[in-house]
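This report goes through selected strands, sheets and helix contacts of the structure shown below.

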Amino acid sequence: MKGTAQKTILIIEDHAGIADALRMVLEEEDYHVEVWITAEAVYSLQAPFPDLIFLDILLGGMDGKVICRQLKGLPATRSVPIILMSANKQLPRIAREVGADDWLLKPFELDALLELLDKYT
Amino acid sequence: MDENAQLCGKGGDDSAWKHEEEKDEDERKHTPSPHSPFEPYLACSLQGADNKITFQNWLDLSPDALVIIDSAGLIRYVNRQMETLFGYSFQELENQQLEILLPERFRAAHIHHRERFAAAPRIRQMGVGLELYGLRKDGTEVPVDISLSPLCFGDVFSVLGAIRDITERRSLQESERAARAELELLQLILDELPISVSLIRGEQARLVLANRTALAIWGTQWHVGQPMQDFLTSNGLRLFSIDGHSLSPTTIAPLRAVRQGETVREHQELIQRADGTTTSLLVNAVALGQRLLRGVPAPNERSTSDSFNTAESIALVVHQDVTELMELERRKDEFIAMASHELRTPVTSIKTYVQWLRRRLIKQGDEASSAVLTKIDGELNGLTRLIGELLDITQMETGHLPWHEETFDLNELVREVAEALEHTTERHQIKREGQGSLPVYADRERICQVLANLLSNAIKYTPQGGTILVRQTKHKEGVTLSVQDSGIGIPHEKQTHLFERFYRVKDAEHENFPGLGLGLYLSAEIVKHHGGQIWVESEPGVGSTFFFTLPVRVDPLPVKGEGR
């Protein structure tokens with residue numbers, strides 16, 4: 001499950017309520033959590049990279065799908081697991097198409113979230 | 001007297017003129033009194049080759065009723081038609097005041113008119129432009145035309161009046177007037193209708209008539225007799241289907257109606273005018289069959305054309321401007337789509353908070369509190385489903401529901417959905433029949449939605465708990481899937497409405513089960529989109545079995561032209 005060093009999870013989600021609830025869950029699980037409510041900074045993302053990214057696909061002004069594709073296209077960030085989030089029922093297909101590692105359909109079950117954490121960190 | 005013989009008789013046939021010798025009782029009655037000054041004149045005869053005819057015979061030959069009055073206004077002679085028309089015999093009328101034949105209300109004025117005529121006698125119509133009436137012996141009135149002519153027998157001044165019964169003409173005129181008024185009223189009604197109404201005829205769809213709104217819809221005058229396509233091209237008008245395809249003669253509803261005799265109802269079209277403005281139209285083209293219409297041929301149509309003597313196919317075309325309705329509909333859909341997205345967002349955070357709190361309470365051993373949060377979580381799931389249905393229905397109505405078809409294993413999907421739903425209940429077991437893989441080409445998420453809907457309905461409407469049986473059968477045409485429960489069932493008369501939008505079974509039994517009435521409608525639409533069928537077999541108190549089929553498909557659906 002968790003390693004010795006505290007792991008960092010980046011949440012890119014423009015809805016403050018969802019980001020906050022997610023942060024509470026993750027911090028409860030002893031992760032270090034960073035929340036971005038916009039995605040502009042994604043292109044200046046520097047090492048050390050987060051251990052996992054939760055990325056919403058509907059961001060004000062930016063498209064999470066495009067961001068995912070780009071991060072997965074860069075050698076430096078290719079290996080950072082990305083979990084796509086959306087309320088769109090077609091999310092599994094979209095996640096596959098843009099090269100995301102996994103997906104989390106909103107509103108989600110806590111168990112599903114914990115399973116993903118287990119799997120990718 | 002043999003009248004027919006008189007009218008049809010030919011010269012040389014003596015038998016036709018026998019009346020002189022055959023004077024019977026009736027004939028004698030129809031002769032002026034011996035002392036009448038007219039008697040000799042009436043008896044005077046016109047000499048022919050072999051036969052003679054009296055002036056009286058002439059008078060009796062007239063198809064009109066004839067009356068001779070003297071200068072004092074006394075009736076001195078009436079012919080047989082006069083007797084027939086007024087119902088009096090000559091004897092009854094002879095030497096009576098003429099006014100006996102007039103309705104009371106005209107009598108006083110008539111005496112005055114008569115005197116004026118005597119002062120300046122000339123042949124003329126009487127009361128031109130007035131409606132004249134005679135009074136019959138039985139008291140009824142008869143509409144008449146009267147011609148007057150002064151008549152001089154030696155120095156005796158008299159007047160000959162020719163009276164024609166115009167009852168028939170008057171009634172024809174009246175019905176014509178009524179028909180015209182009715183026609184005017186119909187045109188008025190047509191013009192005031194807020195929809196465009198036109199009548200077209202023949203292969204060319206030539207205009208027969210149109211109302212005022214038609215002008216507003218087209219933005220230009222479609223002339224009577226002008227073929228539809230000529231009208232469209234000469235005015236730069238273009239028609240499109242709702243999905244933006246240009247309409248061809250084979251798809252333009254009015255042309256289909258006159259050419260194929262096909263009635264087209266509620267067809268959505270878009271008209272684009274030369275100036276670029278557009279109007280959304282709802283078109284009804286009703287084929288009225290082959291009919292003969294009176295009318296003037298169009299200038300470029302051969303006037304000798306048979307088309308005016310032979311029946312042509314006729315169609316009634318109704319165009320309704322639905323631009324505003326569509327805009328309202330679009331805004332409503334946009335609103336629902338936005339609202340459901342906006343609703344889902346807080347539900348997501350609430351659900352996450354609730355689950356976080358629940359997890360914490362479980363860790364602390366507070367079972368009572370965590371049980372409450374489990375219930376809240378369950379309610380949130382219900383809310384999420386309703387929001388999802390609301391969004392789906394909007395997208396489905398506007399044709400914006402995205403479809404993503406792929407090949408997948410239906411058995412695998414059934415297993416997934418069944419397991420997921422079994423977790424939500426403790427009183428129900430979901431049993432699956434049919435094993436192995438069952439590949440189908442369909443929208444996995446949507447079929448998942450249908451399965452989830454049928455299974456959760458089965459759970460919901462089997463409140464006492466029990467086994468729910470899911471069966472998949474593969475056959476030549478595709479697969480049939482059924483979900484059987486042992487729940488409260490559905491009354492027979494309600495079963496046909498189950499798949500209608502917003503339909504909810506309303507009875508005491510079903511009252512305790514909330515919902516929007518969208519789940520089955522959406523399921524049916526999804527199944528229909530895949531070319532399948534959905535139906536139910538149910539017995540109240542015994543249970544229901546819902547079936548749906550998915551036909552074998554390997555290739556993507558061909559792009560659908562119109563409708564859903």
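R291(B) has E312(B), in β14(B), as its bridge partner. These residues belong to strands β13 (residues 278-291) and β14 (residues 312-321) of chain B, which run antiparallel and are joined by nine bridges. Helices (H or I, at least four residues) and strands (E, at least two) are DSSP runs, numbered from the N terminus. Two strands count as paired if DSSP finds at least two bridges between them.

The model is a predicted one: local features need pLDDT of at least 70, side-chain atom pairs count only at pLDDT 80 or more, and totals for chains, interfaces and linings use all residues. Residues are numbered from 1 along each chain as its sequence is written, chains are lettered from A and ligands numbered from 1 in the order in which they are written, and side-chain values use heavy atoms, with hydrogens and water left out.

**The antiparallel sheet of chain B**

β13(B) and β14(B) are part of an open sheet of six strands in chain B, ordered β10-β9-β14-β13-β12-β11, with antiparallel pairing. β10 (206-210) and β11 (238-241) of chain B stand at the edges with a single partner strand each, so one side of each has no neighbour in the sheet. From one strand to the next the twist averages 35°; angles run from 0 to 180 degrees between N-to-C directions, and axes are lines fitted to C-alpha atoms, for helices over the stretch in contact.

Strand β9 (residues 196-201) of chain B contains S198(B). S198(B) counts as buried because its relative accessibility is 1%; buried means under 20% relative accessible area, exposed over 50%, and partly exposed in between (1.4 Å probe, protein chains only). Apart from neighbours within four places in sequence, S198(B) is in contact (heavy atoms within 4.5 Å) with L207(B), L209(B), A210(B), A315(B), L316(B) and V317(B).

**Strand pairs around β7 of chain B**

β7(B) pairs with β5(B), β6(B) and β8(B), as listed here.

| Pair in chain B | Sense | Bridges | One bridge pair |
|---|---|---|---|
| β5 (residues 124-125) and β7 (residues 141-153) | antiparallel | two | Q125(B) and S147(B) |
| β7 and β8 (residues 156-165) | antiparallel | ten | L151(B) and S158(B) |

In the hairpin of β6(B) and β7(B), five residues lie between the strands and G139(B) takes a positive phi near 90°. The hairpin of β7(B) and β8(B) has two residues between the strands, and there G154(B) takes a positive phi near 65°.

**The parallel sheet of chain A**

Five strands of chain A form an open sheet with parallel pairing, in the order β2-β1-β3-β4-β5. β2 (32-36) and β5 of chain A are the edge strands, each pairing on one side only. The twist averages 20° from one strand to the next. Within the sheet, β1 (residues 8-12) and β3 (residues 52-56) of chain A are joined by four bridges, and I12(A) has L55(A) as its bridge partner in β3(A). Helix α4 (residues 110-120) of chain A packs on the sheet and touches β1, β3, β4 and β5 of chain A; its direction makes about 165° with that of β5(A).

Helix α3 (residues 91-98) of chain A is mostly covered, with six of its eight residues buried: L91(A), P92(A), R93(A), I94(A), A95(A) and V98(A). Their cover includes α2 (64-73), β4 (82-86) and β5 (102-105) of chain A, together with α15 (444-460) of chain B. Just after α3(A), G99(A) takes a positive phi of about 80°.

**Helix contacts**

α15(B) also packs on helix α17 (residues 519-529) of chain B: the axes come within 9 Å and cross at roughly 145°. The residues of this contact include V450(B) and L454(B) of α15(B) and L522(B) and I526(B) of α17(B).

Between the chains, helix α1 (residues 16-28) of chain A packs against helix α12 (residues 323-364) of chain B at an angle of about 20°, with axes 8 Å apart. The two are therefore roughly parallel, a label for angles under 35 degrees; over 145 counts as roughly antiparallel, 65 to 115 as roughly perpendicular and the rest as oblique. Among the residues that meet are L22(A) and V25(A) in α1(A) and Y353(B) and W356(B) in α12(B).
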